[in-house]
Amino acid sequence: MSSKAEQDRRIDCLTGLNSRLDLGDTLQRAKEGTGDLVSAILMLDIDDFKLVNDTYGHTAGDLCLRAIGKVLLEFGTLHAITFYRFGGEKILGIFHRRDCGMKETVEALLETVRRTRIPLKGGQSISLTASVGYTEKGTDYQEMIRIADQAMAAAKRRGKNQAACFDEKNALS
């Protein structure tokens, strides 16, 4: 397979983030000890994204996903996080450093998303919020993804636009 075709499979064409296919390979390499460290996992979901599509149309929704992808790529470079489009408007992040100040980093991520203005056609612009769940607990990466997803759902239930974490006691905070 050509390198261009392989790159196309590994990068989500809409967001510019790594693809779910690449996520599987990354986690497998980490498990085998041949890849980058996975110190924590977060799950980010854009709040009320269906409302964006319903109000402004799917073209505007695509613009939002592109803008958020760009923001996350920049944020990830600064904070040693690799982001993957997990599905729809759900995005998974892998932290590659230990002791990175998870809570502060996630709060900075939420603030970065809040401050992002997305220009739409006709001179309008919108901003988005996100809910994030994260965990540093565990070495079973599929379990960490499940826990981060549950924490993200808890953040949504609490009112959205916030983060939730499963701490080392497996209690939600």
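# Loops, salt bridges and helix contacts in a predicted model

N18 sits in the loop between α1 (3-10) and α2 (20-32). Helices (H or I, at least four residues) and strands (E, at least two) are DSSP runs, numbered from the N terminus. The model is a predicted one: local features need pLDDT of at least 70, side-chain atom pairs count only at pLDDT 80 or more, and totals for chains, interfaces and linings use all residues. Residues are numbered from 1 along each chain as its sequence is written, and side-chain values use heavy atoms, with hydrogens and water left out.

Is N18 buried or exposed? N18 is buried, at a relative accessible area of 17%. Buried means under 20% relative accessible area, exposed means over 50%, and partly exposed lies in between (1.4 Å probe, protein chains only).

The N18 side chain makes a polar contact with the side chain of D22, at 2.8 Å. A polar contact is a pair of N or O atoms within 3.5 Å; within protein, one must be able to donate a hydrogen and the other to accept it, and residues adjacent in sequence count only if both atoms are side-chain atoms.

Not counting residues up to four places away in sequence, N18 touches R10, I11, D12, T82, F83, Y84 and R85. Contact means heavy atoms within 4.5 Å.

**Two positive phi angles**

Most residues other than glycine have a negative phi. D48 has a positive value, near 55 degrees, and is not a glycine. D48 is placed in the loop between β1 (40-46) and α3 (49-56). Its relative accessibility is 39%, so D48 counts as partly exposed.

K160 also is not a glycine, and its phi is positive at about 70 degrees. K160 belongs to the loop between α6 (141-157) and β7 (163-166). K160 is partly exposed, with a relative accessible area of 28%.

**Salt bridges**

How many salt bridges does the structure hold? There are 10 salt bridges. A salt bridge is a side-chain nitrogen of Lys or Arg within 4 Å of a carboxyl oxygen of Asp or Glu. Side chains of opposite charge can pair when their charged atoms come close. The table lists some of the pairs.

| Pair | N to O distance |
|---|---|
| K156 and D45 | 3.0 Å |
| D47 and K156 | 2.7 Å |
| D149 and K90 | 2.7 Å |

K156 forms a salt bridge with D45. That pair links distant parts of the chain: K156 is in helix α6 and D45 in strand β1, 111 residues apart. D45 is buried, at 9% relative accessibility.

K156 also meets D47 in a salt bridge. D47 is in the loop between β1 and α3, K156 is in helix α6, and the two are 109 residues apart. D47 counts as buried, at 3% relative accessibility.

D149 forms a salt bridge with K90. D149 lies in helix α6 and K90 in strand β3 (residues 90-95), so this pair ties together parts 59 residues apart in sequence. D149 is partly exposed at a relative accessible area of 25%. K90 is partly exposed too, at 23% relative accessibility. Elsewhere, salt bridges that share partners join R10, D22 and D25 into one network.

**Helix α2 against α6**

Helices α2 and α6 pack at an angle of about 125 degrees, with their axes 10 Å apart. That makes α2 oblique to α6. Axes are lines fitted to C-alpha atoms, for helices over the stretch in contact, and angles run from 0 to 180 degrees between N-to-C directions. Angles under 35 degrees count as roughly parallel, over 145 as roughly antiparallel, 65 to 115 as roughly perpendicular and the rest as oblique.

Which residues make the contact? From α2 come L27, A30 and K31; from α6 come Y141, Q142 and I145. By class, this contact has four nonpolar, one polar and one charged residues. Ala, Val, Leu, Ile, Met, Phe, Trp, Tyr, Cys and Pro count as nonpolar, Asp, Glu, Lys and Arg as charged, and the others, Gly among them, as polar.

**Helix α3 against α4**

The axes of α3 and α4 come within 6 Å and cross at roughly 135 degrees. α3 is therefore oblique to α4. On the α3 side, F49, V52, N53 and Y56 meet H58, A60, G61, C64 and L65 of α4. These residues divide into six nonpolar, three polar and no charged.

R66 also lies in helix α4 (residues 58-79). R66 is partly exposed, with a relative accessible area of 41%. Leaving aside neighbours within four places in sequence, R66 is in contact with L14 and T15.
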